[in-house]
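Here is a short tour of one protein model. Keep the sequence and the 3D view side by side as you read.

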Amino acid sequence: MKITINFRLYRIKTDQVKKFVSQVVSMIFLSAMTEVAALAEIKDIGTPFIRNFSKHEYHAGTQNWAIAQDQKGFMYFANNEGLLVFDGVQWELYRMPNLSMVRSIYIDDKGEIYIGAYNEIGKMVPDENGKLVYHSLKDKIPPEFRNFDDVWNILPYKDMIVCQSYNAAYVLKEGKEFTVIPSPVRFPNAFNAGGRIFFYDTREGIFEFNGTAMVPLKGCEKLKGVEINSIMPYNGQGDLIICTLDKGLFLYHGNELREWNVPVNDLVKSSQIFCASTLQDKYYALGTIQDGVIMIDGDGNIIQHINQKKGLQNNTILKVFPDRTGNLWLGLDNGIDYVTVNSPITFLQRPDGFGAGYTELIYKNKLYLGTNQGLFVQDWIDGKTNNIPKMIPGTYGQVWYLGVHNGVVLCGHNKGTFIIDGEKAIHINDIPGGWKYHIMKKYPGYLIGGTFGGLILFKWENGTWKFVRRIPGFNESFRVFEEDENGELWMSHIFKGVYRVKINNSLDSVEEVHYYTEKDGLPSKYNINVFKVKGKIIFASDTSGIFEFESQNNRFKSSAYFNQLFNPIKNLSFIQEDGRGNIWYVSNNKVGVLRIQEDFSFQHVTSPFTLLTGKFLNGFESVYPYSEDHLFFGIENGFAHYSPQAYFMSFPEFSTYITRADAIYLNRTFYFGNTNPGARSRQPGYSFPFKNNSFRFSFSAPVYDNPGNIEYSYKLSGYSFTWSAWSASFSEDFSNLPDGKFTFMVKARNQLGIESLSDSIEFTVMSPWYKSLIAYIAYFVIFIFLAFLLIWTVNKRIEISNRKVKLKELREYREKEREYIRQALQSEKELISMKNEKLRAGMIQQDKELANQAMNLVRKNEFLLKIKEELMGIKKASYEEPVNEKILSLISKINKEVGHNKQREVFEKVFDEVHENFLNKLKSKYPSLTPTELRLCAFLKMNISTKEIAPLMNISVRGVEICRYRVRKKLGIGRDVNLTSLLINL
């Protein structure tokens with residue numbers, strides 16, 4: 001039988017409502033941190049997050065010439081080896097029929113995908129299975145214009161599609177025949193600038209397409225012969241920016257052209273612009289051949305300059321494309337890069353790296369960055385950095401702390417304590433490990449420092465801090481501590497627990513130490529951190545939430561207020577209150593903020609910080625809220641900068657899509673995820689055998705900046721009733737499904753806990769052959785047959801029963817008759833048995849007599865032989881001749897008696913009677929046996945030993961053994977067979 005699968009892609013209304021609510025909530029959260037979208041800015045501090053895709057990852061050619069995005073958010077790339085599609089999880093390559101490079105892509109509002117290649121213009125159309133298939137439009141071009149080389153650009157113009165090749169412009173209107181407009185000499189490029197289409201000719205300069213013809217652009221005559229690589233709209237009033245390869249930027253206003261004398265112009269002349277694009281209608285991304293991508297504002301100021309030194313795979317940009325989230329895709333000469341310019345997060349970098357970032361400080365127009373390599377500094381003027389961070393001499397090593405105390409910058413270092421003056425470092429103490437420094441409330445002229453081995457003391461003298469002494473009495477590593485209202489220090493040790501330390505009034509020793517662990521109410525002595533928030537000292541556990549200390553009970557208890565405030569977050573590793581009352585935290589390597597509102601309530605905000613997830617150094621988290629517009633984070637490979645003013649507030653629909661469905665046992669994909677909205681209802685079913693009905697569904701949520709934080713959940717309705725646990729896996733297998741109707745549904749969840757719209761596929765597993773209509777007809781026929789068979793059987797059984805009654809009487813009569821016969825036979829059998837028993841007793845008696853006779857012969861012969869031996873001994877000792885003659889006569893008589901055959905004949909006769917002619921049968925079966933050997937066999941049959949046989953046969957024991965050997969050979973048996981047992985059983 002078969003499985004029929006019918007597909008219907010849809011969005012569940014409840015999911016739409018849920019998603020709408022989630023987006024509204026997210027927008028409310030972000031509005032607290034963000035000005036209106038019109039005020040958003042691309043950040044000029046640090047470098048945006050860059051995600052690199054090498055050809056080894058997408059498995060296609062190196063160069064990528066064009067980029068587009070469909071309604072789902074999937075990305076399309078014109079690659080050297082074909083059309084490359086990325087759904088956020090997996091890459092798919094579609095090769096051209098002529099295996100040429102794809103040079104251009106355009107996706108219209110209907111989702112139709114146009115591509116241009118060498119001598120090819122066509123569309124990628126999803127077939128009934130959702131697989132993209134290339135449909136050539138070349139047959140709509142007049143034959144004389146079909147040899148057009150590469151199609152470099154496909155641009156929309158009103159209800160037309162305009163394609164540009166070197167030779168001509170090809171205009172397709174309403175899917176009819178192409179109209180061809182030949183180039184004056186050669187069209188190297190074409191551009192869409194705010195809905196206007198421009199063509200550049202190598203000799204005649206710039207033309208504008210008006211829908212029917214090419215019209216020269218007035219005032220641009222001086223650009224004839226200049227290579228133009230982009231034209232963009234400027235200021236929204238019809239002005240244009242014209243980008244040349246090596247002559248820089250030009251502004252076109254009305255019919256006048258002038259060189260744009262802005263700071264970036266000299267840079268782009270040497271860098272050579274190859275492509276460009278507008279960003280958010282107010283910025284411009286210039287892709288260069290020599291030096292990466294340059295982003296400028298409307299005044300030509302450089303906002304970002306990102307090249308290979310800052311994270312790109314190479315410096316040659318073939319295409320820049322802003323996606324629907326406002327971020328930038330770069331088609332490179334070797335690879336693809338994704339740049340999150342629409343993010344409030346950027347990263348502070350150096351060409352040779354920072355190492356781990358531990359602490360940050362801005363003071364007197366200087367930005368200080370403490371890392372595991374040393375202390376770096378760069379200028380900070382009016383919220384901008386204008387140079388590369390450089391290391392302050394003498395500070396090489398771990399920098400743990402930066403702080404301003406009495407107007408002096410202190411640096412806690414692996415080598416001790418430094419005073420930082422501008423870009424100089426003054427070493428004032430060499431006790432290693434300056435964790436933290438703090439001016440105590442009771443002693444404002446003194447400053448204590450926590451180090452690897454306890455506390456140290458500094459004194460304020462002559463406008464600076466001077467080292468006084470190490471404070472003895474407590475030698476634990478004093479890294480995390482806070483001062484309470486009594487002037488005592490609460491310190492947490494990550495492996496040992498919590499300490500309360502009291503220093504004496506003269507500040508020369510630790511007066512008292514209290515140690516707290518689980519027995520004092522803490523959940524554990526491990527991973528407890530102490531923080532001061534809202535004037536209260538709190539203790540955060542990595543598993544059990546927040547605790548406070550009750551001095552009256554001398555115990556810790558769970559903090560109802562703070563646990564409710566942070567709910568549902570439990571495992572907090574970092575908490576810090578900024579100067580505005582906002583509370584920053586890190587949990588599970590994710591950062592968030594509880595932003596204080598006008599009514600003193602708190603708003604939980606995490607969405608702007610998603611790029612930082614997983615980047616913190618556990619146990620050494622750092623948040624530096626310098627101002628509302630400038631926040632810094634220490635991360636595992638340097639620093640991140642956050643500015644809420646740089647967020648564009650773009651909220652694309654967060655959706656999940658089923659991208660592939662495979663019949664595993666057939667090793668065949670039957671649904672490819674690409675659906676033509678107008679053709680969904682025409683999708684047919686797919687039929688498979690019922691057995692081995694195993695399937696794999698792949699899915700994706702197209703999120704590109706931080707896809708590792710996306711989790712998926714699925715449900716197979718009709719098979720299970722609950723959604724699966726959240727997982728990072730983007731595929732799921734099902735095998736041996738029962739027959740019935742099913743709906744596979746999948747949804748995604750981002751790191752904020754927001755769930756996406758779900759996607760689904762409905763399918764039906766048809767019944768197996770034993771549940772089909774034919775099977776049910778067969779079952780009915782079999783039932784009727786069995787019913788008739790049952791009736792016939794019942795009638796037959798009645799008939800048989802009647803016959804059985806008659807036969808029973810006959811059997812009883814015959815049984816009695818047989819019983820009489822049986823009793824007669826039994827009596828006769830008993831009589832025969834008694835006779836046989838008597839015969840067997842007689843045979844046993846004869847056998848005994850025969851054995852006795854044989855033994856008598858043996859004893860007689862032994863006695864005679866003994867006498868013979870004694871006579872021989874007498875003969876040897878006697879010298880009398882008459883005596884010797886008499887002895888010889890006696891010996892002769894003895895020999896004659898021993899070898900007398902008559903006794904043997906009698907023995908053989910009796911033996912034959914007892915053993916039923918054994919010797920005759922032996923002779924007939926083995927005629928080669930001699931009389932002596934036959935006698936030996938008879939003796940062996942009687943189980944007489946070799947030693948006893950020897951005197952019976954008047955031969956030696958050795959002779960008996962030789963005779964036995966000859967018998968074995970004539971009987972044809974080996975040494976492994978017992979001769980005696982063989983003869984007994986013969």
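## Nonpolar cores

The largest nonpolar core holds 26 residues, and those with the most contacts inside it are Phe670, Phe697, Phe744 and Phe763. A nonpolar core here is a set of buried Ala, Val, Leu, Ile, Met, Phe, Trp, Tyr and Cys residues joined through side-chain atoms within 4.5 Å. Buried means under 20% relative accessible area, exposed means over 50%, and partly exposed is in between (1.4 Å probe, protein chains only).

Several strands each supply at least two residues of this core, among them strand 59 (657-663), strand 62 (695-700) and strand 65 (740-749). Strand 65 gives the most, with four residues.

## How the model is read

This is a predicted model: local features need pLDDT of at least 70, side-chain atom pairs count only at pLDDT 80 or more, and totals for chains, interfaces and linings use all residues. Residues are numbered from 1 along each chain as its sequence is written, and side-chain values use heavy atoms, with hydrogens and water left out.

## Overall makeup

The protein has twelve helices and 66 strands. Helices (H or I, at least four residues) and strands (E, at least two) are DSSP runs, numbered from the N terminus. Of its 986 residues, 49% count as buried.

Contact means heavy atoms within 4.5 Å. Among contacts between residues at least 6 apart in sequence, 52% join residues at least 24 apart.

Strand 42 (residues 454-461) and strand 43 (residues 464-471) pair in the antiparallel sense over seven bridges. Two strands pair if DSSP finds at least two bridges between them. Ile456 stands opposite Arg470 in strand 43. Two residues lie between the strands of this hairpin, where Asn462 takes a positive phi near 55°.

Strand 28 (residues 317-322) and strand 29 (residues 328-332) also run antiparallel, joined by five bridges. Ile317 has Leu332 of strand 29 as its bridge partner. This hairpin has five residues between the strands, and Gly326 takes a positive phi near 90°.

## A loop residue

Where does Tyr770 lie? Tyr770 sits in the loop between strand 66 and helix 5 (773-877). Tyr770 counts as partly exposed because its relative accessibility is 38%.
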